[in-house]
Amino acid sequence: MEAKHQINAAFLLGTYMMLEHGMSAAAAASAIEAIPNILSGFRDATFCVKDFEITLRDCFMGLQRAMAIGWFKADTFDLALYQQLESIGDLSLIGNQFVAFRGPR
């Protein structure tokens with residue numbers, strides 16, 4: 001498996017452990033970091049030159065913070081709205097506070 005697919009799969013696994021099993025960001029990161037050969041750097045969906053490093057632990061901590069302040073609630077996540085917004089402009093509505101774009105094309 002390519003490194004970029006490996007790190008994305010690790011991200012999905014960690015967020016699953018947090019959302020479905022109630023693990024903390026630190027516990028999810030520790031579990032993922034225990035897997036041999038998992039790279040630490042996460043890559044977003046853009047094709048630009050990567051000029052900063054973000055780890056899976058950083059991503060998990062961001063999700064934990066978003067849940068703590070009510071920006072993300074798994075039980076009220078609207079998949080249909082997510083898919084609609086993604087199809088019209090690669091954007092994501094995060095709570096009522098923040099809109100995230102995938103990146104420049």
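This is a predicted model: local features need pLDDT of at least 70, side-chain atom pairs count only at pLDDT 80 or more; totals for chains, interfaces and linings use all residues.
Helix α3 runs over residues 56-68 and has 13 residues. From its first C-alpha to its last it reaches 18 Å, close to the 18 Å expected at 1.5 Å a residue. Leu56, Cys59, Phe60, Leu63 and Ala66 of α3 are buried. These residues lie on the same side of α3, because they cover an arc of only 120° around the axis. Arg65 and Ala68, on the other side of α3, are exposed. After α3 comes glycine 70, with a positive phi near 85°.

The largest nonpolar core has 11 residues in all, including Leu56, Phe60 and Leu63. Helices α1, α2 and α3 each supply at least two residues of this core. Nonpolar side chains tend to be buried together in soluble globular proteins. Among the core residues is Ala25. Leaving out residues up to four places away in sequence, alanine 25 touches Met18, Phe60, Met61 and Gln64.

| Helix | Residues |
|---|---|
| α1 | 3-21 |
| α2 | 25-33 |
| α3 | 56-68 |
| α4 | 79-89 |

Tyrosine 82 lies in helix α4. Its relative accessible area is 32%, so tyrosine 82 is partly exposed. Apart from neighbours within four places in sequence, tyrosine 82 is in contact with Phe77 and Ser92. Leucine 93 is 11 residues from tyrosine 82 along the chain, and the C-alpha atoms of the two are separated by 7.4 Å.

Technical notes
Residues are numbered from 1 along each chain as its sequence is written. Side-chain values use heavy atoms; hydrogens and water are left out. Helices (H or I, at least four residues) and strands (E, at least two) are DSSP runs, numbered from the N terminus. Buried means under 20% relative accessible area, exposed over 50%, partly exposed in between (1.4 Å probe, protein chains only). Contact means heavy atoms within 4.5 Å. The expected span of a helix is 1.5 Å times one less than its number of residues. The arc is that of the directions from the helix axis to the C-beta atoms. A nonpolar core is a set of buried Ala, Val, Leu, Ile, Met, Phe, Trp, Tyr and Cys residues joined through side-chain atoms within 4.5 Å.
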